[in-house]
Amino acid sequence: MTTTADAGIATPSTPSTPSRPGETNQHYDLDPRIFGLFLDPLRKYSSGMYRTPGITLAEAQEAKLHWVAERLGLTPGGGQRLLDAGCGWGSLILFMAREYQTAVTGISPAGRQHEYIASRAAELGVTDRVTTAVGRFEDLDLPARSFDAVTMLGSIVHMPDVDVAVRRARAMLRRGGRYYVSETCFRNAAARDEFDKRTGTEFVRNSIFGWGDMRPLSELVRAVEDAGFSVDDVEDLTEDYRLTIDDWLVNVSAAADAIDALRPGMAAQLTRYLEVANAGWGFTTKHYALICRNAR
Ligand SMILES: C[S@@+](CC[C@H](N)C(=O)[O-])C[C@H]1O[C@@H](n2cnc3c(N)ncnc32)[C@H](O)[C@@H]1O
């Protein structure tokens, strides 16, 4: 495991201030064991891929990560370098380091996630390929044009300025490098106008995450186009995310006592969040992946 200092990655120029837009650590800095009680063994906190009937949550998450690797052009032993902005508990970076021998850098403002990743990287024997840095992707001083791939799975919703985030992603990529961003989106601008201030949306945004700005897909497409990316593909993952959340809900219910023992009331909070999320799919919300290329 390379630390922030020996990786040559600077600490944020602007320290995080609680409660301002983009401050989401209240959720991601909770005891990592809570997430181990309802996520898959990789602790991937984003959509799986359920294209094979009857597969489990763990299989759906591994299928998704292989699919992401393929979309990014990662090959086993290919020597590629990947930057994951919003790395969670390291599901993607540790998977790519192990399965594809990719040299990975993970970014997250949540310090406890980095402690968890460090211990898992040691257990998996991939410390030589894994670097992480604590801070916001927008603030960190990262080496430009150094990566073959940049990923953001479920993290751009926590970045207040989508244009800054996407332009930075492009600046990190070598020519021809790929950018994968997946996010939950309002179904269209009218749905945002109607539902952005509803009780359920406010509960998820404020009580669970602390801050987030869900946008329609058109806003993400505009941002990647304006940043100069060439869009290779847009994939609808809405049904995949609904099935993922169904599995998380079953797990939260089964582990409710253990979750509440770590944080009283957390099982009910998670259940409400996940039920609100699953009620909206296809009506108010969609989940998309955009695959883009730094074409020139
Ligand atoms: C929904 S989780 C997804 C984690 C991971 N991508 C996965 O699929 O499991 C969102 C992640 O984004 C991180 N995050 C939030 N704001 C961020 C920012 N400004 N820069 C980088 N990461 C951020 C959170 O700490 C969290 O790790």
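Biologist: Is the crossing of α6 and α9 left-handed or right-handed?

Modeller: This is a predicted model: local features need pLDDT of at least 70, side-chain atom pairs count only at pLDDT 80 or more, and totals for chains, interfaces and linings use all residues. Residues are numbered from 1 along each chain as its sequence is written. A crossing is left-handed if the near helix is turned anticlockwise from the far one by less than a right angle, and right-handed if clockwise. The crossing of α6 with α9 is right-handed.

Biologist: Which word describes how α6 lies to α9?

Modeller: Axes are lines fitted to C-alpha atoms, for helices over the stretch in contact, and angles run from 0 to 180 degrees between N-to-C directions. Under 35 degrees counts as roughly parallel, over 145 as roughly antiparallel, 65 to 115 as roughly perpendicular, and the rest as oblique. The axes of α6 (residues 162-172) and α9 (residues 217-226) come within 9 Å and cross at roughly 45°. That makes α6, relative to α9, oblique.

Biologist: How many residues of the contact of α6 with α9 are charged?

Modeller: Contact means C-beta atoms, placed from the backbone, within 7 Å. Ala, Val, Leu, Ile, Met, Phe, Trp, Tyr, Cys and Pro count as nonpolar, Asp, Glu, Lys and Arg as charged, and the others, Gly among them, as polar. Val162, Asp163 and Val166 of α6 meet Glu219, Leu220, Ala223, Val224 and Asp226 of α9. Five of these contact residues are nonpolar, none is polar, and the number charged is three.

Biologist: How many strands are in the protein chain?

Modeller: Helices (H or I, at least four residues) and strands (E, at least two) are DSSP runs, numbered from the N terminus. The chain has 12 helices, and its strands number seven.

Biologist: How many of the nine residues of α4 are buried?

Modeller: Buried means 20 or more other C-beta atoms within 10 Å of a residue's own, exposed means 12 or fewer, and partly exposed lies in between; C-beta atoms are placed from the backbone. In α4 (residues 91-99), Ser91, Leu92, Ile93, Leu94, Phe95, Met96 and Ala97 are buried. They pack against α3, β1, β2, α5, β3 and β4. Helix α4 is largely enclosed by the rest of the structure, because its buried residues number seven.

Biologist: How does proline 143 count, with 14 C-beta neighbours inside 10 Å?

Modeller: Proline 143 sits in the loop between β3 (130-134) and β4 (147-153). Because it has 14 C-beta neighbours inside 10 Å, proline 143 counts as partly exposed.

How values were computed. Contact = placed C-beta atoms within 7 Å.
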